[in-house]
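Please look over the structure shown below before reading on. The paragraphs after it lead through selected features in turn.

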Amino acid sequence: MKTIKTAICGCQGKVDRFASLLNSYAESEVVAVYDADLALAEKAAAALNCAATDHYDALLSDPALDGVLILTANTTHAEMAIAAAKAGKSIFMEKPLCARLEDAYRIRDAVKAARVRFYLTDPFVDAPTIHVKRLLREGVVGDLIQLRIRYCDDMGPLSPRSGQAVADEVRKQGGGVLLGTGGHPLHVLYYLLGKPESVYAALYYGSEDAR
């Protein structure tokens, strides 16, 4: 049985969770951890008993590597995915896809040209959401007039940050709450209702510093 060898790229996300899942299958193994900060990569790799590197190109050149799991900042997703595709590696990426629409098309074209597998994670299309989809499809709930999805978490009160810290994070991630958490409800809406005919959005920043 062939073992699928994967490298986790980026130590700012849910490294432990993803690594535990990948290593839970007999045919899957995390063999390396990449991060631009080598100390972070080495710390994560030590816990996983695998290699660590801060050289992404060298990682992709390894013929034994089958794919990469990209957990880096949103603004780096496009270049990392395109490089992985050109190297012939399968790609599994933590949402969101990227920070700019034009980068989404660049990723699409690179993946198609290289004929590699590409996956984008989002855990919110789960059993209850699938059940709602069936109810809508079968007409159980009648005509749909309005659908509202509310998404919230408790990270704000648990980890208070200054206005400057929030602004720095927004710049690093290429956007604010819409990129950070908006992908979840938007994905659910797309799954339930299909491609929209028109889009309207109203956004509010609580502080001028976060613009």
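The account that follows treats the cores, a pair of helices and the aromatic rings.

This is a predicted model, in which local features need pLDDT of at least 70 and side-chain atom pairs count only at pLDDT 80 or more, while totals for chains, interfaces and linings use all residues. Residues are numbered from 1 along each chain as its sequence is written, and side-chain values use heavy atoms, with hydrogens and water left out.

In soluble globular proteins, nonpolar side chains tend to be buried together. A nonpolar core is here a set of buried Ala, Val, Leu, Ile, Met, Phe, Trp, Tyr and Cys residues joined through side-chain atoms within 4.5 Å; buried means under 20% relative accessible area, exposed over 50%, and partly exposed in between (1.4 Å probe, protein chains only). The largest such core has 24 residues, and Cys9, Tyr56, Leu59, Val68, Ile70, Ile91 and Ile107 have the most contacts inside it. At least two residues of this core come from each of strand S1 (4-9), S2, H3, strand S4 (67-70), helix H4 (77-86), S5 and helix H5 (101-114). These helices (H or I, at least four residues) and strands (E, at least two) are DSSP runs numbered from the N terminus. H4 gives the largest share of the core, six residues. Apart from this core lies another, of 13 residues, including Val15, Phe18, Ala41 and Ala45.

How are H4 and H5 placed relative to each other? Their axes are 9 Å apart and they pack at an angle of about 10 degrees, where axes are lines fitted to C-alpha atoms, for helices over the stretch in contact, and angles run from 0 to 180 degrees between N-to-C directions. Angles under 35 degrees count as roughly parallel, over 145 as roughly antiparallel, 65 to 115 as roughly perpendicular and the rest as oblique; H4 and H5 are therefore roughly parallel to each other.

Aromatic rings come next. Rings of Phe, Tyr and Trp (its six-membered ring) pair if their centres lie within 6.5 Å; planes under 30 degrees apart count as stacked, over 60 as edge-to-face and the rest as tilted. This rule gives three aromatic pairs. The ring centres of Phe18 and Phe92 are 6.3 Å apart and the planes stand at 65 degrees, so this pair is edge-to-face. Phe18 belongs to helix H1 (residues 15-23) and Phe92 to strand S5 (residues 90-94), 74 residues apart. Phe18 counts as buried at 11% relative accessibility, whereas Phe92 is partly exposed at 31%. Tyr34 and Tyr56 form a tilted pair, 5.3 Å centre to centre with 50 degrees between the planes, and both residues are buried.
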